[in-house]
Every structure is written in structure tokens, then in C-alpha cells.
Amino acid sequence: MSSTILLITASARGEGSISRKMAEHFQQAWRSKAPTTTVITRDIGSHPPPFISEAWIGAAFTPAEQRDQHQRKLLASSDEMIDEVDRADLIVIASPMYNYGMPAALKAWFDQVIRVNKTFSFDLGRGDWPLEPIFRGKRLVLLSSKGEFGFQPGGSRHHMNHLDTHIATVAHYLGVNDKHFVSIEYQEFGDERHERSKQSAHQQIDDLVQSFTKLSRDQATYESAPA
């Protein structure tokens, strides 16, 4: 059974947020199957991470043993958030699409946690692909709300989807090799298509939870079987 979930909520809205409701649905569904799972929650929509700065970059590229007190303080929140990623088997991000991409708070979070010598290594000896993730074997679920529709592959607005595609790209450097995307669309239209999209998304969440928890139970059974 996945022992730790990191749940990130990125909406600037509170009670009216669709992506937050998706996160709640996911968490409730998971708790019903695996009530002892540890869930780390980080609400970056309400409490955004700081933006990186020139001083932050200088601190990140300074060897740990050479950092002064100010540099260590600059990296303290980054260290904390990276530790949460490290502990998590499954990363769940609940986010709206803002202007066809990530909310600024979510981009700030990724900038804080994708860090040289912490979550990725850099070696020019690898040629044209010098970056490699340090973490391995993590799963990602993106729960997103979108005002329009057709952002899925083959859809009328797929070329405008810079939320799913950006997250899929950068999550690699957090050790993610298994990605799943669930969306609620048609929010701005508020018609029956939006209701059907909500129902479909909730069913997809239930199916994902069922699949993940069953796989974890099967693995636990196999690992504990006598030789």
C-alpha cells in the first residue's frame, strides 16, 4: 500500500474551487480503501511559495558545506518542500488552468522543488542530456479544472493545453515515471456538459484509487508471501 501521499492544492479560490473539490473526493476515496495512509497536504493556493531570486539561485548552486547562514535560510522552505516530495510515493496535484497554464503559485512550487543536487543531478559527461532525476519510482495524479473544453489529445484546444503538458515534463525531475490526468471541463459554460464532465472525472478518480490500492495490496501480498 502506498505509505505516503503528497497532496498539493493550487487554486486561489476557496469553497468555490472545483479542483479543491476533486482533491477532497480523491482523498475521501483513498481513505475508504486505505485509512492508514499518511497524507501530507500543502495548500499553495492559499500560501504560495516564495519566488526564486538571484540570491536563491546563488545559494542553490553553492555547495552545501560552503553556504552561509543567509543562504541556508533562503533555501529552508525549498528543503522542507523537497523533503515532502522525497517522502511521497504518490504526488497528487489539484490545480485549475489559469490562462492555459499553471497558476503562478504552482510554478513557484516547482521552481522551489526542482533543484540541482537535490532532485536532479547535472553532468556534462552525459552529453546533450546532462540532467537526470535523483528520485525514482514516484506516481503523479493531476486533478485539473478547465473553463473551456477540448484540451485532451486530439481535442480542439489540445495545442493550448500548457498545464498538463508542462507538469508532465517537469514532474520527470521529481522522479515521476507514472502520470495520470483527470480533468473537469466546461466550467465557464455551466451546462449539462459541465455536469457530465464532473461525473466522469469523479468516476475516473474512483477507478484510479481502486487500481492503485489494489495494486499496492497485491504487491504487499506478494512481498510477504513465504519463499
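**Salt bridges, sheet and surface patch in the predicted model**

The side chains of Asp-83 and Arg-87 form a salt bridge, with an N to O distance of 3.9 Å. Both residues belong to helix H4. They lie 4 residues apart, about one turn of the helix. The structure is a predicted model, and side-chain atom pairs were counted only at pLDDT 80 or more.

Asp-79 has a relative accessible area of 30% and is partly exposed. Lys-118, at 32% relative accessibility, is likewise partly exposed.

Helix H7 (residues 192–224) holds a further pair, Lys-198 and Glu-195. Their side chains meet in a salt bridge of 3.3 Å, N to O. The residues are 3 residues apart in the helix, so about one helical turn separates them. Lys-198 counts as partly exposed at 24% relative accessibility. Glu-195 counts as partly exposed at 38%. Salt bridges also join residues into a network, made up of Arg-42, Glu-80 and Glu-84. In total, 13 salt bridges were counted. In general, side chains of opposite charge can pair when their charged atoms come close.

The fold was next examined at the level of the sheet. An open sheet is formed by 5 strands, in the order E2-E1-E3-E6-E7. The pairing is parallel. From one strand to the next, the twist averages 15°. In general, strands of a sheet pair through backbone hydrogen bonds, in either a parallel or an antiparallel arrangement.

Within this sheet, strand E1 (residues 4–9) pairs with strand E3 (residues 90–96). The sense is parallel, and the pairing extends over 5 bridges. Leu-6 has Ile-91 in E3 as its bridge partner.

Helices pack on the sheet. Helix H5 (residues 104–113) touches E1, E2 and E3. The direction of H5 makes about 150° with that of E3. Helix H4 (residues 76–87) lies across E1, E2, E3 and strand E6 (138–145). H4 runs at about 145° to E2.

Ile-52, Ile-57 and Phe-61 make a nonpolar surface patch of about 280 Å². Phe-61 lies in the loop between helix H2 (54–60) and helix H3 (69–74). Its relative accessible area is 59%. Phe-61 is therefore exposed, as this class begins over 50%.

Technical notes. Residues are numbered from 1 along each chain as its sequence is written. This is a predicted model: local features need pLDDT of at least 70, side-chain atom pairs count only at pLDDT 80 or more; totals for chains, interfaces and linings use all residues. Side-chain values use heavy atoms; hydrogens and water are left out. Two strands pair if DSSP finds at least two bridges between them. Helices (H or I, at least four residues) and strands (E, at least two) are DSSP runs, numbered from the N terminus. Axes are lines fitted to C-alpha atoms, for helices over the stretch in contact, and angles run from 0 to 180 degrees between N-to-C directions. Contact means heavy atoms within 4.5 Å. A salt bridge is a side-chain nitrogen of Lys or Arg within 4 Å of a carboxyl oxygen of Asp or Glu. Buried means under 20% relative accessible area, exposed over 50%, partly exposed in between (1.4 Å probe, protein chains only). Patches are made of residues with over 30% relative accessible area and no salt bridge: like charges are joined within 9 Å, nonpolar side chains (Val, Leu, Ile, Met, Phe, Trp, Tyr) within 5 Å. Accessible areas come from the Shrake-Rupley method with a 1.4 Å probe; for residues, only the protein chains shown count as cover.
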